[in-house]
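Student: Before we discuss any contacts, could we look at the model together and go through its architecture step by step?

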Amino acid sequence: MPAAIPAEFADLVGPPVVPTLATLNRDGSVQATPVWATRDGDDILVGSAHGRAKDRNMRHREEVALCFVDPANPYRHVSIVGRVEDVLDEDDPAAAATVTAHIDDAAEAYVGQRPYPFRSPGEVRSLFRIRPVRVSSYP
């Protein structure tokens, strides 16, 4: 059963807050990176480009963690341990519009630009749906 994000922390889970995503490398070491994240209910949506460490790691191992920290108060935060429930790839014609729309929406929310302005030539994007399994918050 998915874990719920507490209502009093809902403002942290999504733009403009940039969370840190932790994944596991094949050797078991931790890889952490800031990401843009949006919500679909309690699910967290995170995009990536094919070939990046987080992309490879989430395809290999579904367990991830995210930490959203309040920019105005670093002691107020919500941490989510979750599982990748679904991956949509932009090179799949059935998923392309959804993946592209997500990164364009996220770019607009995070940097005020649409379409996504940082795309590299030939870049293929993916969209990961993360289902929270455990949620903790402070205070």
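Student: In what order do the seven strands of the open sheet stand?
Tutor: This is a predicted model, in which local features need pLDDT of at least 70 and side-chain atom pairs count only at pLDDT 80 or more, while totals for chains, interfaces and linings use all residues. Residues are numbered from 1 along each chain as its sequence is written, and side-chain values use heavy atoms, with hydrogens and water left out. Strands (E, at least two residues) and helices (H or I, at least four) are DSSP runs numbered from the N terminus, and two strands pair if DSSP finds at least two bridges between them. With antiparallel pairing, the open sheet has the order S2-S1-S5-S6-S7-S4-S3.

Student: Which strands stand at the edges, and why is one side of each left without a neighbour in the sheet?
Tutor: Each of the edge strands has a single partner strand, so one of its sides has no neighbour in the sheet. From one strand to the next, the twist averages 35°, where axes are lines fitted to C-alpha atoms, for helices over the stretch in contact, and angles run from 0 to 180 degrees between N-to-C directions. The edge strands are S2 (30-34) and S3 (37-40).

Student: Which helix packs on the sheet, and what angle does its direction make with that of S7?
Tutor: Taking contact as heavy atoms within 4.5 Å, helix H2 (residues 96-111) touches S3, S4, strand S6 (73-89) and strand S7 (125-138). What covers the buried residues of H2 includes S3, S4, S6 and S7. The helix asked for is H2, and its direction makes an angle with that of S7 of about 55°.

Student: How far apart are the end C-alpha atoms of H2, which has 16 residues?
Tutor: The expected span of a helix is 1.5 Å times one less than its number of residues. For the 16 residues of H2 this gives 22 Å, and the model agrees, because the end C-alpha atoms are apart by 22 Å.

Student: How many residues of S4 are buried?
Tutor: Buried means under 20% relative accessible area, exposed over 50% and partly exposed in between, with a 1.4 Å probe and protein chains only. Asp-43, Leu-45, Gly-47 and Ala-49 point one way from S4, whereas Ile-44, Val-46 and Ser-48 point the other way, and all are buried. The count for S4 is therefore seven of seven.

Student: Which residue in S7 stands opposite Ile-44?
Tutor: On the S3 side, S3 and S4 (residues 43-49) pair in the antiparallel sense over four bridges, and Arg-39 stands opposite Ile-44. S4 also pairs with S7, again in the antiparallel sense, over six bridges. In S7, the residue opposite Ile-44 is Ile-130.

Student: How many bridges pair S6 with S7?
Tutor: On one side, S6 is joined to strand S5 (residues 63-70) by eight bridges, with the two strands running antiparallel and forming a hairpin with two residues between them. The number of bridges in the antiparallel pairing of S6 and S7 is twelve.

Student: Which residues form one aromatic cluster?
Tutor: Rings of Phe, Tyr and Trp (its six-membered ring) pair if their centres lie within 6.5 Å, and planes under 30 degrees apart count as stacked, over 60 as edge-to-face and the rest as tilted. A search of the whole structure finds four aromatic pairs, including the stacked pair of Trp-36 and Tyr-110, at 5.3 Å centre to centre with 5° between the planes, and the edge-to-face pair of Trp-36 and Tyr-116, at 5.9 Å with 85° between the planes. Because Trp-36 lies in the loop between S2 and S3 and Tyr-116 in the loop between H2 and S7, the latter pair ties together parts 80 residues apart in sequence. The cluster consists of Trp-36, Tyr-110, Tyr-116 and Phe-118.

Student: The charged end of which residue sits over the ring of Tyr-116?
Tutor: At 13% relative accessibility, Tyr-116 counts as buried. A charge sits over a ring if NZ of Lys or CZ of Arg is within 6 Å of the ring centre and within 35 degrees of the ring normal. At 4.9 Å from the centre of the Tyr-116 ring, the charged end is that of Arg-125.
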